[in-house]
Amino acid sequence: MSWRGSVWGCLPNFYTGERNYSHNSPSEFYSSLGSEGFSIGDTSGTDEEDTDSAILYGTLRGSIVGLRYYTGVVNNNEMVALQREPNNPYDKNAVKVNNVNGDQVGHIKKELAAALAGIMDNKLAVVEGVVPYGAKNVFTMPVQMSFWGREENKEAVLDQLKMHGFKLAPPLKVELATEYGFGSKWISGKNGPTYSAPVHAAVHLTAEQLKSEFDKLFEDLKEDDKTCEMEGAEAVGTLLLPHQKQALAWMVSRENSNDLPPFWEERNNFYYNILTNFAVKERPKNVLGGILADDMGLGKTLTTIALILTNFQDGKPLPVEKITTTSCVIPEDKGFGSVLVASPTPLKRKTKRKGTASIQSAEKKYSEDNPRTTLIICPLSVLSNWIDQFEQHTSQDFHLNVYIYYGSDRNKDPAILSDQDVVLTTYNILATDYGVSKYDSPLHKIKWLRIVLDEGHTIRNPNAQQTKAVLSLEAHRRWVLTGTPIQNSVKDLWSLISFLKLKPFTDREWWHRTIQRPVTMGTPGGLRRLQSLIKSITLRRTKTSKVKGKPILELPERKVLIQHVTLTEEERQVYQSVKKEGKAAINRFFSEGTVLAHYADILGVLLRLRQLCCHPHLCTNTSSSFSAGNNTPEELRQMLVTKMKLVLSSGSDEECAVCLESLTLPVITHCAHVFCKPCIYEVIRSEQPNASCPLCRNELRVEHLVECPLEEELDSSNGKKDDQEWISSSKINALMHALIELRKENPTTKCLVVSQFTTFLSLIENPLKKSGFAFTRLDGSMAQKKRVEAIQCFQSSQAGSPTIMLLSLKAGGVGLNLTAASRVFLMDPAWNPAAEDQCFDRCHRLGQKYNVIITKFIVKDSVEENMLKIQNKKRELAAGAFATKKPSASEIKQTKINEIKALIDL
DNA sequence: ACCGCCGGGTGCC
DNA sequence: ACCGCCGGGTGCC
């Protein structure tokens with residue numbers, strides 16, 4: 001059985017190269033020193049990227065002075081933050097001391113500050129403080145400091161301190177117990193033995209142990225208060241499943257609750273944070289929201305829509321309005337599958353709700369303090385899914401304004417936006433507005449009723465512009481939807497927790513000191529702490545979870561069959577001659593050592609072979625000449641870039657060598673390699689000022705990158721070649737045979753016929769027509785309206801409705817629902833098995849009534865068979881460990897080279 | 001007395 | 001700060 005349901009998603013998000021922080025903000029400081037998630041037992045240590053785990057150098061007692069002048073107060077044993085203040089007019093070495101709330105307590109005494117300044121500025125160590133006693137002093141108070149840093153900086157730090165006459169004491173003083181999470185048990189042994197601190201950050205757990213530890217995080221989440229059910233309001237036009245009613249009850253109770261946030265306790269009229277020992281008089285606010293982390297396919301979107309309609313205002317549902325206007329305005333001219341963010345296609349919409357006295361009076365209930373609008377932010381790929389689902393699940397009698405804030409003509413008037421019930425937008429639009437001007441960004445001018453982050457893990461990189469844009473939005477209620485809350489390590493959680501505005505974790509330092517480090521260092525209780533945090537704000541069910549003893553989803557079986565296809569003599573001849581030529585060229589590249597320089601050539605060869613396995617007419621537009629001969633290097637380069645574009649425009653689902661997944665927003669480098677735009681930008685950012693290509697180490701510059709729209713964004717209709725007479729192919733014959741057999745068996749069975757190559761789909765149309773099949777088609781080039789039509793048409797159970805859908809592999813987002821089909825014919829294998837799985841899930845999901853049979857057509861003795869082998873290797877890799885070591889640039893290269901060899905039988 | 005000592009003024013960095 | 005430190009006032013016993 002194929003692996004899908006793991007909590008930890010598939011491959012980790014790889015970064016190449018070390019980050020280089022040049023700013024002074026404490027949060028960046030922390031991120032630069034934070035340990036790299038869980039390090040797995042293998043610590044060969046040769047990898048320079050693996051060294052940013054911090055160890056404790058030792059501790060030092062100092063004093064905080066100038067308390068008179070500041071308002072920040074602390075308690076005994078409370079954590080404090082030390083922050084450099086290089087612009088202090090009295091002392092350029094000044095070090096501020098702040099309490100957990102960020103209020104200044106005082107300064108570090110100047111002699112000590114002089115010693116710390118250099119250490120802190122050069123990021124040799126992170127210095128953390130706890131006030132052990134004397135917190136009520138008037139003028140000065142003591143501070144116990146811990147110095148954390150990389151092993152290799154330890155000497156330098158000790159030297160610096162020595163120069164100023166300071167010496168570190170051995171780690172772990174009793175006063176610091178709370179830092180380590182030992183609690184009172186530790187302190188109680190007054191004259192007991194002394195313990196030495198854990199010095200090394202490495203946790204000696206196997207990958208399996210770690211995974212099971214992580215899985216425990218989400219255990220028991222289904223119990224106690226999370227099993228109540230709640231019916232959706234009348235406005236929810238769809239019956240909710242039991243587990244969705246549970247989620248709704250939980251979400252509504254979270255939004256209306258007045259509980260204290262996790263780790264806070266009330267003690268004699270004060271509220272204490274038991275992690276930092278910080279106290280406040282005002283009751284800290286809990287997040288009115290949380291993380292809905294259900295597995296894919298359990299209906300997070302529907303549940304969220306139900307929440308919006310059911311807990312609309314003051315705990316009451318959306319009122320009935322006797323007005324009937326179109327609820328959603330769907331863009332007519334262009335689909336959402338497009339990911340061209342730089343030049344968004346204008347979407348048509350109407351501005352509604354002008355006039356009508358009754359509505360105006362209704363609007364008066366809403367104001368700055370009492371907003372009405374929910375903002376939903378999602379990746380572009382699922383935007384259309386949200387629109388569909390709003391349409392599907394809102395009852396006819398109710399009217400919900402949904403405004404799609406997308407496209408170059410989006411309405412930026414905050415007054416209009418805050419007058420909607422729902423504003424839907426994408427992370428990219430949000431980040432673009434914010435990038436233009438933080439202050440003019442319309443979405444940042446509004447205080448929202450509720451913000452929903454869909455696929456919330458997209459903001460897991462705290463330094464990404466879109467994360468910053470998301471974190472600076474204002475809202476009363478906040479939700480994160482994600483199927484994979486932790487992709488790679490605990491680090492991934494910070495952005496989400498910070499978005500939820502859970503104090504004190506919004507500040508990176510407190511998150512790091514109280515949760516991340518205890519967890520990564522394996523401090524007793526660290527994981528328990530994280531678990532208790534997650535438990536209090538998260539609801540997660542997997543596909544195998546049960547409600548009242550019954551499985552949440554009873555999905556029918558899914559079988560994958562491989563149907564071998566033998567080429568005809570004629571096809572085989574063409575194939576062999578192209579292969580021979582290609583193999584000779586690739587052999588030459590190997591002997592010249594220019595394999596990676598000719599990457600585009602090689603992809604071109606492989607593409608032609610893959611196309612020939614499908615149909616001889618597919619590769620007529622791809623030139624077979626190799627870039628060599630009498631061309632200048634510049635001409636050669638141009639040819640390679642052109643070739644790469646041609647490969648990409650064929651529809652081939654190529655992958656990015658950095659993230660190892662299907663390309664998103666492909667860009668071609670100067671050296672004719674292709675990567676995801678975000679991946680390569682990350683490489684450039686981390687290797688500045690001089691970055692080099694992960695595949696060939698050539699110079700890498702932003703201004704040389706060429707964006708390359710995928711085939712999906714191109715109009716395929718004008719790519720049809722009418723001048724060629726239609727002929728069949730072995731694969732088409734195999735498909736038609738299967739389809740006709742199937743029709744004999746059961747004429748109502750519906751099928752998906754999937755290919756990466758839309759021209760192949762076009763070629764298949766011909767025999768379908770001849771054999772009298774009713775079919776429809778869905779590919780990336782279709783306008784949104786046509787897609788909706790095609791999907792509705794196909795999903796219909798009416799007699800005479802199409803039984804076949806021609807589907808391009810990557811069409812539509814994860815939400816695309818094609819459950820009417822119970823058979824899938826995959827005409828050509830993809831590099832990335834995950835892309836195939838995602839495609840199969842379009843019919844093998846909630847709502848599927850029959851067992852699903854998937855047939856993969858694979859040509860015998862061809863590149864396709866070799867692709868299957870590579871796919872299997874990738875599956876093993878993805879299932880094996882969730883935190884595989886980051887491959888270095890040279891490993892990326894070697895993997896690619898091995899793949900090429902395997903593919904062309906070298 | 002280019003000292004010591006006294007006692008008032010004063011106080012982060 | 002019930003300290004230290006500074007700098008002015010002062011000066012045998």
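## Exercises on a predicted protein–DNA model

T276 sits in the loop between strand 8 (270-273) and strand 9 (279-280); helices (H or I, at least four residues) and strands (E, at least two) are DSSP runs numbered from the N terminus. This is a predicted model, in which local features need pLDDT of at least 70, side-chain atom pairs count only at pLDDT 80 or more, and totals for chains, interfaces and linings use all residues. Residues are numbered from 1 along each chain as its sequence is written, chains are lettered from A and ligands numbered from 1 in the order in which they are written, and side-chain values use heavy atoms, with hydrogens and water left out.

### Exercise 1: the surroundings of T276

Task: find out whether T276 is buried or exposed, and list what T276 is in contact with beyond its sequence neighbours.

Solution. 
1. Start with accessibility: T276 has a relative accessibility of 1%, so T276 counts as buried. Buried means under 20% relative accessible area, exposed over 50%, and partly exposed in between (1.4 Å probe, protein chains only).
2. Next, follow the side chain of T276, which reaches the backbone nitrogen of F278 at 3.3 Å. A polar contact is a pair of N or O atoms within 3.5 Å; within protein, one must be able to donate a hydrogen and the other to accept it, and residues adjacent in sequence count only if both atoms are side-chain atoms.
3. Finally, leave aside neighbours within four places in sequence: T276 is then in contact with N77, E78, M79, V100, P504, W510 and T514 (contact means heavy atoms within 4.5 Å).

### Exercise 2: aromatic pairs

Task: describe the geometry of the pair W250 and W479, then do likewise for F263 and F505.

Solution. 
1. The whole structure holds seven aromatic pairs. Rings of Phe, Tyr and Trp (its six-membered ring) pair if their centres lie within 6.5 Å; planes under 30 degrees apart count as stacked, over 60 as edge-to-face and the rest as tilted.
2. For W250 and W479, the centres are 5.5 Å apart and the planes make 65 degrees, an edge-to-face pair. W250 belongs to helix 7 (residues 242-256) and W479 to strand 15 (residues 474-481), so this pair ties together parts 229 residues apart in sequence. Both W250 and W479 are buried.
3. F263 and F505 are also edge-to-face, at 6.1 Å centre to centre with 85 degrees between the planes. Here F263 is in the loop between helix 7 and strand 7 (264-267), and F505 in the loop between helix 15 (493-499) and helix 16 (508-521), 242 residues apart.
4. F263 is buried at 11% relative accessible area, and F505 is buried at 1%. Ring pairs link F263, F505 and W511 into a cluster.

### Exercise 3: DNA strand B

Task: which residues surround DNA strand B, and which classes do they belong to?

Solution. 
1. Collect the surrounding residues: V65, G66, Y69, Y70, N88, Y90, D91, A94, H107, I108, K109 and K110. A residue is near a strand if one of its heavy atoms lies within 4 Å of it. Sugar and phosphate make up 54% of the atoms of DNA strand B that come within 4 Å of the protein.
2. Sort them: six are nonpolar, three polar and three charged. Ala, Val, Leu, Ile, Met, Phe, Trp, Tyr, Cys and Pro count as nonpolar, Asp, Glu, Lys and Arg as charged, and the others, Gly among them, as polar.
3. A side-chain N or O atom of Y70 is 2.8 Å from a base nitrogen of DNA strand B.
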